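Hi,

Here is the structure I promised to pass on. Have a look at it first, and my notes follow below.

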Amino acid sequence: MAVRIGMGFDLHELVSGRALWLGCVEVPSEKGSLGHSDGDALAHAVADAILGAASAGDIGDHFPDTDPRWKDVSGAEILRRTAEIVRARGGRILSVDSTVFLERPRLGDRKREMAERMAEALGGAAVNVKAKTAEGLGPVGEGRAVAAQAVAMVGEPGEEV
Ligand code: MG
C-alpha cells in the first residue's frame, strides 16, 4: 500500500438566518454559514484533504456550486460520497486531523461529536477535530467567518512504504 497525504482548507461567511453546521453537527449559534451547500466548512476542508490525498481533484470538481443537485447538500453527504470516490479507486481513508477556527460559540464540548459524526460518514477512519479562536483578529476573529483546515492520509494500492 502507498500512503499519501492531502490538505484542505475552507472558509464561509457567517450570516443571520442560517444554521451553523460544523463537522456534521448543528451548533446553536446566532449566525450560520452562508453557502450553496449547508456551509459545513469543517466537513468541506476534510473532504478536500481526502480528495487531495487520493489525487482526485477537489470538492469543486465533484460537488460544483453551480449544480442544483448540490443545493443545501449536507457535509455528511459530501463526506459519504468522498469516501466512495476513494473506495472506488481501491483506496482506504486512514486518518484525518482538522482544526476549525470560530470565535463563538466555543466548540470545546462538541469536538468529539464532530469527529465521531465525520468518521461515521466516512465509513470508518481515525478522525480528530481541534478548535481555535482567532483572538479577535481578522474576519474570523470579528465573527464574520468560520474557517477550517484539515490533513488526511489515504492508503492506495501501490508500492509498499
Ligand atoms: Mg465550503
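**Notes on the model**

His 44 is buried, at a relative accessible area of 7% (buried means under 20% relative accessible area, exposed over 50%, partly exposed in between, with a 1.4 Å probe and protein chains only). Before going on, two remarks on how to read this. It's a predicted model, where local features need pLDDT of at least 70 and side-chain atom pairs count only at pLDDT 80 or more, while totals for chains, interfaces and linings use all residues. Residues are numbered from 1 along each chain as its sequence is written, and side-chain values use heavy atoms, with hydrogens and water left out.

**The metal site**

Back to His 44, which sits in helix H1, residues 41-53 (helices are DSSP runs of H or I with at least four residues, strands are runs of E with at least two, and both are numbered from the N terminus). Which protein donors hold the magnesium ion? They are Asp 10 through OD, His 12 through NE2 and His 44 through ND1, at 2.1 to 2.2 Å from the ion. Donors here are N, O and S atoms within 2.8 Å of the metal (3.2 Å for Na, K and Ca), and water is not among the atoms, so sites may look incomplete. Along the chain the donors are spaced as D-x1-H-x31-H. His 12 belongs to strand S1 (residues 2-16) and His 44 to helix H1, so this pair ties together parts that are 32 residues apart in sequence. His 12 is buried too, with a relative accessible area of 11%.

Leaving out neighbours within four places in sequence, His 44 is in contact (heavy atoms within 4.5 Å) with Asp 10, His 12, Ser 37, Asp 38, Gly 39, Ile 59 and Ile 78.

**Further along the helix**

Ala 47 is also found in helix H1, and at 0% relative accessibility it counts as buried. Not counting residues up to four places away in sequence, Ala 47 touches Ile 59, Ile 78, Leu 79 and Thr 82. Of these, Leu 79 is 32 residues from Ala 47 in sequence, yet their C-alpha atoms are 5.9 Å apart in space.

**The whole chain**

There are five helices and seven strands, in the order β-β-β-β-α-α-α-β-α-β-α-β. For 161 residues a compact globule would have a radius of gyration near 15 Å, and the chain agrees, with 15 Å (taken over C-alpha atoms; the globule rule is 2.2 Å times the number of residues to the power 0.38). Along the principal axes, the C-alpha atoms fill a box of roughly 50 × 35 × 25 Å. Buried residues make up 47% of the 161. Among contacts between residues at least 6 apart in sequence, 73% join residues at least 24 apart.

- The peptide bond from Arg 104 to Pro 105 is cis, with omega near 0°; Pro 105 is in the loop between strand S5 (92-101) and helix H4 (111-121).
- Cys 24 has a positive phi, near 70°, in a residue other than glycine. Cys 24 lies in the loop between strand S2 (21-22) and strand S3 (25-26) and counts as buried, at 7% relative accessibility.
- Glu 135 has a positive phi as well, near 55°. Glu 135 lies in the loop between strand S6 (126-132) and helix H5 (138-141) and counts as exposed, at 68% relative accessibility.

Cheers
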